Amino acid sequence: MPENNYHRYLNLPFELTKPSIANSPPRDYPFHEELNDYEDPNIMPFLHNLGLKCNHTEVFYTPPNGGVLPIHTDLPQLDNRTKINLTWGPDDSTIRWWKIRDENDIIAINGTHGDFSTEEHQNLMANEKDCDMVWEANTNRVSLCNVGQFHSTYNPGDFSRWTLCFHISKQDTFLPWDESLDYFADYLE
């Protein structure tokens with residue numbers, strides 16, 4: 001098994017609030033939405049006390065019965081930026097991390113993702129046939145996730161999978177994976 005540079009569970013001293021959109025009726029397509037007006041009453045003060053902040057919040061939806069979000073990075077480069085995620089979904093639904101075999105197969109996106117988002121994005125994508133899966137985890141518990149590496153979601157279950165994501169940073173830059181392990185050392189499982 002490769003080294004886990006992708007996912008760690010967190011044991012936070014509070015519960016995260018499920019956003020109301022996560023109670024929406026099932027859809028038959030993957031979906032992404034920025035939650036510009038959403039604020040969890042506990043996460044912001046908690047991050048502030050650690051010397052961190054939340055840049056923005058978003059939600060991802062993966063439909064049931066084999067639904068997927070495609071393989072992507074969160075920005076248009078490979079790096080090791082960290083998010084806090086919490087999913088409400090089947091226990092067998094997962095986030096998966098991938099290594100691309102040949103960087104010439106990376107697809108740069110600058111615009112909308114017709115397959116899961118109508119919002120403008122700049123990021124990288126890859127086809128599963130060009131990648132090897134290197135890690136997989138269920139995020140039905142609060143998790144640190146490395147989203148600067150290629151990742152996707154998979155939902156083989158028979159009900160919806162909604163994931164709440166907090167983009168965290170220190171000062172004005174993203175929080176690198178290695179540093180996140182130090183910042184959250186007292187809360188890692």
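**View 1. Residue classes around the largest cavity.** The lining of the largest cavity divides into 5 nonpolar, 5 polar and 2 charged residues. Here Ala, Val, Leu, Ile, Met, Phe, Trp, Tyr, Cys and Pro count as nonpolar, Asp, Glu, Lys and Arg as charged, and the others, Gly among them, as polar. A cavity is a set of points on a 1 Å grid over the protein atoms alone where a 1.4 Å probe fits but cannot get out, and lining residues have an atom within 4 Å of a point. This is a predicted model, in which local features need pLDDT of at least 70, side-chain atom pairs count only at pLDDT 80 or more, and totals for linings use all residues. Residues are numbered from 1 along each chain, and side-chain values use heavy atoms, without hydrogens and water.

View 2. Residues lining the largest cavity include Phe60, Lys83, His151 and Arg161. Two or more lining residues come from each of strands S4 (67-72), S5 (82-88), S11 (151-155) and S12 (161-170). S12 gives the most, with 3 residues. Strands are DSSP runs (E, at least two residues), numbered from the N terminus.

View 3. His151 lies in strand S11. His151 counts as buried because its relative accessibility is 4%, buried being under 20% relative accessible area with a 1.4 Å probe, protein chains only. The side chain of His151 makes a polar contact with the side chain of Asp74 (3.3 Å). Such a contact is a pair of N or O atoms within 3.5 Å, one able to donate a hydrogen and the other to accept it; residues adjacent in sequence count only if both atoms are side-chain atoms. A polar atom of the His151 side chain also lies 2.8 Å from the backbone oxygen of Gln149.

Note on methods:
On a 1 Å grid over the protein atoms alone, a cavity is a set of points where a 1.4 Å probe fits but cannot get out, and a pocket is an open set with protein on both sides within 12 Å along at least five of seven lines; lining residues have an atom within 4 Å of a point. Helices (H or I, at least four residues) and strands (E, at least two) are DSSP runs, numbered from the N terminus. Buried means under 20% relative accessible area, exposed over 50%, partly exposed in between (1.4 Å probe, protein chains only).
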